[in-house]
2 protein chains.
Amino acid sequence: MTNIQTPLTDLEIARKADMRPIQEVAAAADIPAEALEPYGKYKAKINVSKLPQKTQTGKVVLVTAISPTPAGEGKSTVTVGLADALSRLKKKTMVALREPSLGPVMGMKGGATGGGYSQVLPMEEINLHFNGDIHAITAANNTLSALIDNHIHHGNLLQIDPRRITWKRVLDLNDRALRHITVGLGGPAHGVPREDGFDITVASEIMAILCLATSLSDLKERLGRIVIGYTYDKKPVTAHDLEAEGALAVLLKEAFKPNLVQTIEGTPALIHGGPFANIAHGCNSIMATNTARQLADIVVTEAGFGADLGAEKFMHIKARQGKFSPDAVVIVATVRALKMHGGVPKQQLKAENAEAVRAGLPNLEKHIDTIRRFGLEPVIAVNRFTSDTPEEINEILNWCRLHQTEAVVADVWEKGGQGGLELAEAVCRQLNQPNHFAPLYSPGEKVADKVQTIVKEVYGGEDVHFTDKAQKQLAAIEQNGWDTLPICMAKTQYSFTDEPGRIGRPQEFTITVREIIPKIGAGFLVCLTGEMMTMPGLPKQPAAMNMDLDDSGHISGLM
Amino acid sequence: MTNIQTPLTDLEIARKADMRPIQEVAAAADIPAEALEPYGKYKAKINVSKLPQKTQTGKVVLVTAISPTPAGEGKSTVTVGLADALSRLKKKTMVALREPSLGPVMGMKGGATGGGYSQVLPMEEINLHFNGDIHAITAANNTLSALIDNHIHHGNLLQIDPRRITWKRVLDLNDRALRHITVGLGGPAHGVPREDGFDITVASEIMAILCLATSLSDLKERLGRIVIGYTYDKKPVTAHDLEAEGALAVLLKEAFKPNLVQTIEGTPALIHGGPFANIAHGCNSIMATNTARQLADIVVTEAGFGADLGAEKFMHIKARQGKFSPDAVVIVATVRALKMHGGVPKQQLKAENAEAVRAGLPNLEKHIDTIRRFGLEPVIAVNRFTSDTPEEINEILNWCRLHQTEAVVADVWEKGGQGGLELAEAVCRQLNQPNHFAPLYSPGEKVADKVQTIVKEVYGGEDVHFTDKAQKQLAAIEQNGWDTLPICMAKTQYSFTDEPGRIGRPQEFTITVREIIPKIGAGFLVCLTGEMMTMPGLPKQPAAMNMDLDDSGHISGLM
């Protein structure tokens, strides 16, 4: 398996892998047959209520990253490879990952199931539709939209101001033409005209809710708390006011169950939920993570983008609401991304440049500093690419040694779990240390103070500026009693600042909060900095145009 | 089971039923384990390529109806009850039904899984999301939309005229505000502004394609033939021109597999596809029907609305493309609908009125005549409602006896298969007769002649009028070589004419074809008569508002 003469695509590697029937994977993970609901031969949903009652004691390893390049640094690959390595060390391990969205699959980015010999399987089915969770969220989101417009059409008893509806429709697609639309045209039989727009489904508040809810009743209550807009006299209108939460919960009943699959090496993986990492919190569901903590001794999971976004939200939003502490943190670094932070233009990232790697290390240094502020000692995983040279990799390892930071090379893309053994051993050493995890702010603090803490401690910035609009929104948020919610920063993933071009480790900057969007169902306040894309567009040559299906049902062109 | 003291709702009856594991249902139907892909414990998809090679010899019983009331006459209920009765008579039987759409489930109509003791199970899951087929169709339909707008945005090499795009977006919802919209607003980064609209997913041409395709390669070719609109010089543009069919087929790969479930009494049921019965052909998939014909001796299936719409299209579109002949036809009649055709207003349909039943019988008489024109001798099933009186029912039975037509009472709602034994015996007698089935027109005839045949022989009308617009479209259709396709009439289901109010059996009327829409992927020409609703709206009190989910996952309020 490790001696590949001709490089294969991820899909080819995935298709060559021997999968075990999902019943065997479940049995090995101590999931009883009555809790297993198979979806095909290699996927299943878990009915958590039928699992044996057991305390959730599994330790949580969070895989995060330095500030990424647009192609991503391979967090999912390292997550899978690390888990397979831990399995090889006879640790009872489970993976917990986010589900891929169809939009990027059809667009440019390709799938999100890891890569090389560190993938979750079945790759095609996980990347396409999976067990229907995202489609159920689309249906629930748009049912709420239909109920809103229907309420206005039938007399608008609640006095909803059509100009102040904040609830948007969604589709799990990249479709720029739906960003700004007008609906309700065509005359009185066809609703009330108003401006609207579609987001991609993973940006729906319902995705965030599904990922943060801890029980069916919590799910339904959160759905009821969704603020869909405001009345003519600016009072919030909720999904509960529209009597919608029962139907939405009914639509999400199956989607709320975590999905079980396996890695190429057979480690059980729960893949469930996939919220955006900017306007949402960017982690898989609490249901999946806590179910894995109940079944396994070690749970390897990831959070979106770099540690400034994903890890910060993992600590302050997910871990707090899921009532657990992260026990170890892996920061994925790549030669490529460090070269970028060292100033190398995108076109030259493949050329050897150890000096640029060195120049990029301050970015890694700040992420290490951030994790330490949370009371945790990170392990640096250098995710090796075939184009990396030993000199480039040594720049990273030497710097880490000099700065008393544990760093290892992860060769999991090429070698699977075998290539992650050293990383697994380093992680196990951390797991044996006492846990000093502590969040950086408490929810009761003032909103401005919470944002200030994130900007100073996590981004290394100087100050926060709230625009007039944001200040007005802040006043309304306090008036509505929403100010005790945690903060969900919506910031570019490419920089610690709110400007994507300022790579590396910028100093003395101010973050501007342009808008604060209360997500009362999800339970956080989104602070928008810069332009956030909530409905991507397709490139000139979308990946979809290269996809094909032959007569015997084999897919090609899926990345 | 037959002595119900307190009437239970369909959902309560469904929940009390003992379901067999889907593996057992499959084994009893001779479906080998390697062809079965379970979706949960009680649903599965069938990988048809792994079924033993066997000729499709099962006989096909089509359940159709008189012109219905808005509530429907219980075709699905009779279909299920008849199949259970045939199973009781030790006939190897399978049911083939359409999948319910979420729009009506959330709106007013409720589910579409039969009723009382003649239901398919699991009722909730079939009515909600099922195995994801309709969501996959939504995704495929809207991927094509995104590719169209993306092509125009990136330079419009194909010279698509944004004013002449006929391909609409879809959602599986009742959402009137999406009927007429404008997309692409907001400036040059957000696409090209144009008028657009959403249909409900079951109205998508892709739904019709999925239901008519006979293999994966046929599916992909049909997808490529979809005409999405026209160039500035009015040449048709296809999905193939956009290189889209591969990706669409990839998205539909799993949805193309028929779904296996069971009736309350354990008869295996294939539920697959659910196209509209006006702008599409209104039958479950050919894949499901032909798979059932391969596995069982008798296949009981249904077609949408009355025999003038569903049965006509079943004969001319589905049977022809599926290469089979219907062997027996059941026409469902109800006291309620006959009273309506006899002139009783909606509010008084529950009051006894044998005279009105008699006055309504000419509607039934025309449907009987139609089936006989196809060379088949129908069996009339009087679908008994608890409010029907013996006098009312006898009106129907006596008339049929007088007119040499076999008619029996079907008591399947209240008694399940036991209540359908007499019907099953009557159907068996028909199946033992030689089959004289013949379609009423051949595809090679002129379009106007084909429509003329349907209007005269099936509707009992005098003539057809094509508007100027339709005549122009007809000329273009001939020019493009599409005129050898069969006709798909889009007409109100409430009347033989194109005016919903003209109930009973109207005489001497002309049908006006206002528009002809070529559906080249599906392979038919839709002739629009009157206003067709392709995106329903929600009522003032949608069913969604009564739905709820309790903490243990039990659904209430689903009809």
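A salt bridge is counted where a side-chain nitrogen of Lys or Arg lies within 4 Å of a carboxyl oxygen of Asp or Glu. By this criterion, 4 salt bridges link chain B and chain A in the model, which is a predicted one. Among the residues concerned are Arg169(A) and Asp175(B), whose side chains form a salt bridge with an N to O distance of 3.0 Å. Polar contacts across the interface of chain B and chain A amount to 33 residue pairs, with both residues at pLDDT 80 or more.

By residue class, the side of chain B that touches chain A comprises 34 nonpolar, 19 polar and 17 charged residues.

The extent of the interface was also computed. The size of an interface is often given as the accessible area lost when the parts come together. For chain B and chain A, the buried area is about 6,000 Å², and 64% of it falls on carbon and sulfur atoms. Three residues, Arg176(B), Val250(B) and Leu549(B), account for 10% of the area that chain B buries against chain A, more than any other three residues. In terms of residues, the contact draws 70 from chain B and 70 from chain A.

Within chain A, strand β20 (residues 463-466) pairs with β22(A) in the parallel sense, over 4 bridges. In this pairing, Val464(A) is placed opposite Ile511(A) of β22(A). In a regular strand the side chains alternate between the two faces of the sheet. Strand β22(A), residues 510-513, has a covered face with Ile511(A) and Val513(A), whereas Thr510(A) and Thr512(A) belong to the uncovered face.

Within chain B, Thr64(B) is part of strand β3 (residues 59-65). The relative accessible area of Thr64(B) is 0%, and this residue is therefore classed as buried, the limit for that class being under 20%. Beyond residues up to four places away in sequence, Thr64(B) touches Lys75(B), Phe305(B), Gly306(B), Ala307(B), Ala311(B), Val329(B), Val330(B), Ile331(B) and Val332(B). With Ala307(B) there is also a polar approach: a polar atom of the Thr64(B) side chain lies 3.2 Å from the backbone nitrogen of Ala307(B).

Conventions. Residues are numbered from 1 along each chain as its sequence is written. Chains are lettered from A and ligands numbered from 1 in the order in which they are written. Side-chain values use heavy atoms; hydrogens and water are left out. Contact means heavy atoms within 4.5 Å. Buried area is the accessible area (1.4 Å probe) that two parts lose on being put together, summed over both. A polar contact is a pair of N or O atoms within 3.5 Å; within protein, one must be able to donate a hydrogen and the other to accept it, and residues adjacent in sequence count only if both atoms are side-chain atoms. Ala, Val, Leu, Ile, Met, Phe, Trp, Tyr, Cys and Pro count as nonpolar, Asp, Glu, Lys and Arg as charged, and the others, Gly among them, as polar. Buried means under 20% relative accessible area, exposed over 50%, partly exposed in between (1.4 Å probe, protein chains only). Helices (H or I, at least four residues) and strands (E, at least two) are DSSP runs, numbered from the N terminus. Two strands pair if DSSP finds at least two bridges between them.
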